[in-house]
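Hi everyone, thanks for coming.

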Amino acid sequence: MAGAGGAKGGTAAAGVENLSFEQALAELEAIVANLERGNVPLEESIAIYERGEALKQRCEALLKAAEARVETITRDAAGRPAGTQPLDPDA
């Protein structure tokens, strides 16, 4: 997959904050595959690993934000939908 070389020319986190969850995950998967092949020079491995860490943090932040928006449907005594409440009220 292309896109794993995006760590060159700037910090590892450059542009990560603008990626959607799907884009960040796809790039992270490409980085993992590239590192698993083991044919990347050491300096490049370090750079793309750092990029991968920034992408992981972006995915985690987006998931946390999505979870905060998910709501459960509440029901009244008769079982009819009565409204919504946060999925995790302690969040």
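Let's start with D76, which is partly exposed at 29% relative accessibility. Please keep in mind that this is a predicted model. Which side chain does D76 meet in a salt bridge? That would be R80, with 3.3 Å from N to O. R80 itself counts as exposed, because its relative accessibility is 53% and the cut-off for exposed is over 50%. D76, at 29%, falls in the partly exposed class.

Now please turn to helix α2, which covers residues 42–69. Here we have E53, K56 and E60, linked in a network of salt bridges. Let's take the pairs one by one. E53 pairs with K56, and their closest N and O atoms are 3.7 Å apart. For the cut-off, a salt bridge needs the nitrogen within 4 Å of the carboxyl oxygen. Along helix α2, E53 and K56 are 3 residues apart, about one turn.

How many residues separate E60 and K56 in helix α2? The answer is 4, again about one helical turn.

And how accessible are these side chains? E53 has a relative accessible area of 28%, which makes it partly exposed. K56 is partly exposed too, at 33%. E60 comes in at 44%, and that also counts as partly exposed.

For the overall tally, the model has 4 salt bridges by this rule.

Key:
Residues are numbered from 1 along each chain as its sequence is written. This is a predicted model: local features need pLDDT of at least 70, side-chain atom pairs count only at pLDDT 80 or more; totals for chains, interfaces and linings use all residues. Side-chain values use heavy atoms; hydrogens and water are left out. Helices (H or I, at least four residues) and strands (E, at least two) are DSSP runs, numbered from the N terminus. Buried means under 20% relative accessible area, exposed over 50%, partly exposed in between (1.4 Å probe, protein chains only).
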